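Here are my notes on the two-chain model you asked me to look over. Keep the structure open while you read.

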Amino acid sequence: MSEPRTEILGKLRRALARTDSDAAAVDARIAAHTANLVPARGQVPEPERVAMFRAMAGEVGGTTEELAGPAEVPAAVARYLAGQNLPARAAMAPDPLLQGLPWTTTVLELRQGRTHGDDLVGITAAFAGVAETGTLVTLSGPTHPTTLNFLSETHVVVLPRRRLAGAYEEVWARLRALGADVPRTVNMITGPSRTADIEQTIQRGAHGPRRLHILIVDGLD
Amino acid sequence: MESSAHAFPANVRHALADPQLQRAMGRLKGHFIDKRAHARARLPEFDALRDQAKAIKDHTLAYLDLYLERFETEVRRSGGHVHWCRDAAEARGVVLGLCREAGARTVTKGKTMIGEEIGLNPFLEANGIRPVETDLGEYIIQLAGEPPSHIIAPAVHKNKEQISDLFVEHHHGGDRSRRLDGIPELVTEARETLRARFLEADVGITGANLLIAETGQTVIVTNEGNGDLTQTLPRMHIVLASLEKVVPTMEDATTILRILARSATGQEFSTYTTWSAGPRRPGDLDGPEAFHVVLLDNGRSALLGSEFQDILRCIRCGACLNHCPIYGSVGGHAYGWVYTGPMGAVLSPALIGLDEAHHLPNASTFCGRCEDVCPMRIPLPRMLRHWREREFASGKAPAAARWGLGVWAWFATRPWAYRLATGLVARVLGLARRGRFAALPLAGGWTRGRDFPSPEGRTFHAQWASRRGR
Ligand code: SF4
């Protein structure tokens, strides 16, 4: 073990008068990972939950749309891109959930994989949505390259309605259920990129996407 | 970073005489203060969350060694490395070693106060590595060659004309025909310029708002997404964090996150909150190949168990700066070092020594607003008072202050003399003028920035006595 490590830990132990039995208390607290106070706003049931998610995401400049079924997704994406005067072309996450959608019913030209910054549009699915602040949660992995969240000017996200949680804590519970190891990156995304660094004036599209469009889809999982 | 905290009085005179800075400081209210008040009003549980957040940090600090060891174990399990550093020099050395290991020529940086604290940029430059700040505010002050003036809004002291000038000089070789003056155009120009740096960087350095003992995750909170591009695109991700950033679980971090953005900018939640653990996993299509956490002490361990321990709960939200009448008048640069406002006045003497920073604890009227708004309920005024006591005890207080306090103490311990003197002064001033004094003998420093109201009638003591306490 390095000398700085030994010295720093030694100082902490002396200052805190550490005893041997304390380690058990720390382990127990971590193992229990008890939720603290969850605001009432994070505990609203459906369908108010969807309404809250849409309102909160909208407040920070995200746009949302509810779709009755998976079959409607490709057309909704094509419509949205056309409405923004964007080409019908996108990089899409290689996610089975997205791959299972009927893309061939549209003229969209899709390329699957990560992006190096030359794709105007990125399409991904979300692991969860959180109503209390209109936040999306995505996990990095083979089916979800992180670059798609950040490098494209427009980010289109497919959020299965069943994955919409009230509060963040519900998402952590689902994350733990996936297995012992957290993914390399858990991204919480609330609205498009912004900055207020010039005269405290809010400006969209600082480094990440200028637009964030969220499709909330029934009957998809 | 080189400190000029010892020159605080001169820095303040300079700041008060700078009309551009005064205008910029005037913008704080609408942006930060009103928005925080609004966000707080919208969340009925806000104050209860503050209590819980305080308790979480107090618990963690009481077991800090154990939580840090657990954090280290989890980082290793996810394939990352933890480097413990006692001081700034050690941390700089570790970062340089890692950059060399990665063969780095260009390093992108997300906003990191620890990077400022250890003076990383000049050190990397001196060693042939080009650090590029990517947070727009940090980028602006890097171009200007200045330190940040606010812990969450580093360029808050600059106006858009100054930024236009900087961009012309650095992006277009001074060609003024290419000068932009709209804020959207300036942001787009910075976006395009920095995009190229993101893509060519070999190493990305970010700070950390929180470290999670349970999972070995480091958490950053940004609005621009620059921290994410910084850590996702290069081959190596280095996280700079100080010891006290650790919390036990994701749930504990979540409670703190609920009050962080609301206290800082009045946002319900920041745009991007990113939890990172280790390097990219097998099958991942992007992400860094190496992940290192530089864990810095730099004087913090000495605060545990001291009367200053509570400052280790600080989550760097900036609320105490935004609400401080002194910070609002003089701005951040006057403080002379990385940390500014009330939290800086408490932390700086601990990190750079009372000799250097002894003026800062005096930069307070003790109005108490900082403590009122602090999401972590840190008793900032009380700790400022502790520093003032130490300053006085060590003989560093200016002669005039010591002499003045001596005179005051003589009168205060002799009530008859105190009453006589105050009664006399009140009568003389009250006769001399009604309303306000714009200048007073022996108090020129005080009246330069404000008026002294002239006393109306008799002293409190005299009135109290004549009304028999009613
Ligand atoms: S002392 Fe409190 S208010 Fe000030 S930056 Fe730290 S947490 Fe925020």
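1. **Ground rules.** This is a predicted model, in which local features need pLDDT of at least 70 and side-chain atom pairs count only at pLDDT 80 or more, while totals for chains, interfaces and linings use all residues; side-chain values use heavy atoms, with hydrogens and water left out. Residues are numbered from 1 along each chain as its sequence is written, with chains lettered from A and ligands numbered from 1 in the order in which they are written.

2. **Chain A overall.** Chain A has seven helices and twelve strands. Both are DSSP runs numbered from the N terminus: helices are H or I with at least four residues, strands are E with at least two. The C-alpha trace spans about 65 × 40 × 40 Å along its principal axes. Of the 221 residues in chain A, 59% count as buried, where buried means under 20% relative accessible area, exposed over 50%, and partly exposed in between (1.4 Å probe, protein chains only).

3. Take the contacts in chain A with a separation of 6 or more: 73% of them are between residues 24 or more positions apart. A contact here means heavy atoms within 4.5 Å. The accessible surface of chain A is about 8,600 Å², and 53% of that belongs to carbon and sulfur atoms; the areas come from the Shrake-Rupley method with a 1.4 Å probe, and for residues only the protein chains shown count as cover. Chain A carries 23 positive and 24 negative charges, whose mean positions are 2 Å apart. Lys and Arg count as positive, Asp and Glu as negative, and His and the chain ends are not counted; each charge is placed at NZ of Lys, CZ of Arg, CG of Asp or CD of Glu.

4. Glu46(A) and Pro47(A) are joined by a cis peptide bond, with omega about 0°. Pro47(A) sits in the loop between α2 (22–32) and α3 (48–59) of chain A. Asn85(A) is not a glycine, but has a positive phi of about 60°; look for Asn85(A) in the loop between α4 (73–83) and β2 (89–92) of chain A. Asn85(A) counts as exposed because its relative accessibility is 73%. Over in chain B, Arg377(B) also has a positive phi, near 50°, and lies in the loop between α18 (369–373) and α19 (380–393). With 26% relative accessibility, Arg377(B) counts as partly exposed.

5. **The interface.** How many residues of chain A are in contact with chain B? There are 83, and they meet 105 residues of chain B. Together the chains bury about 7,900 Å², 56% of it on carbon and sulfur atoms. Buried area is the accessible area (1.4 Å probe) that two parts lose on being put together, summed over both. Arg184(A), Gln200(A) and His207(A) supply 13% of the area that chain A buries against chain B, more than any other three residues.

6. **Glu169(A).** Is Glu169(A) buried or exposed? Glu169(A) is buried, at a relative accessible area of 9%, and belongs to helix α7 (residues 168–177) of chain A. Leaving out residues up to four places away in sequence, Glu169(A) touches Ala35(A), Leu37(A) and Val38(A), plus Glu251(B), Thr254(B) and Arg258(B) from the other chain.

7. Follow the open sheet of eight strands in the order β8(A)-β5(A)-β6(A)-β9(A)-β9(B)-β6(B)-β5(B)-β8(B); the pairing is mixed. β8 (164–165) of chain A and β8 (246–247) of chain B are at the edges with a single partner strand each, so one side of each has no neighbour in the sheet. Two strands pair if DSSP finds at least two bridges between them. Strand β5 (residues 210–212) of chain B runs parallel to β8(B), joined by two bridges; Ile212(B) has Val247(B) as its bridge partner there.

8. **Strand β7(B).** In strand β7 (residues 236–242) of chain B, seven of seven residues are buried. Met236(B), Ile238(B), Leu240(B) and Ser242(B) are on one side, with His237(B), Val239(B) and Ala241(B) on the other. β7(B) pairs in the parallel sense with strand β4 (residues 203–206) of chain B over four bridges, and with strand β10 (residues 290–296) of chain B over seven bridges, again parallel.
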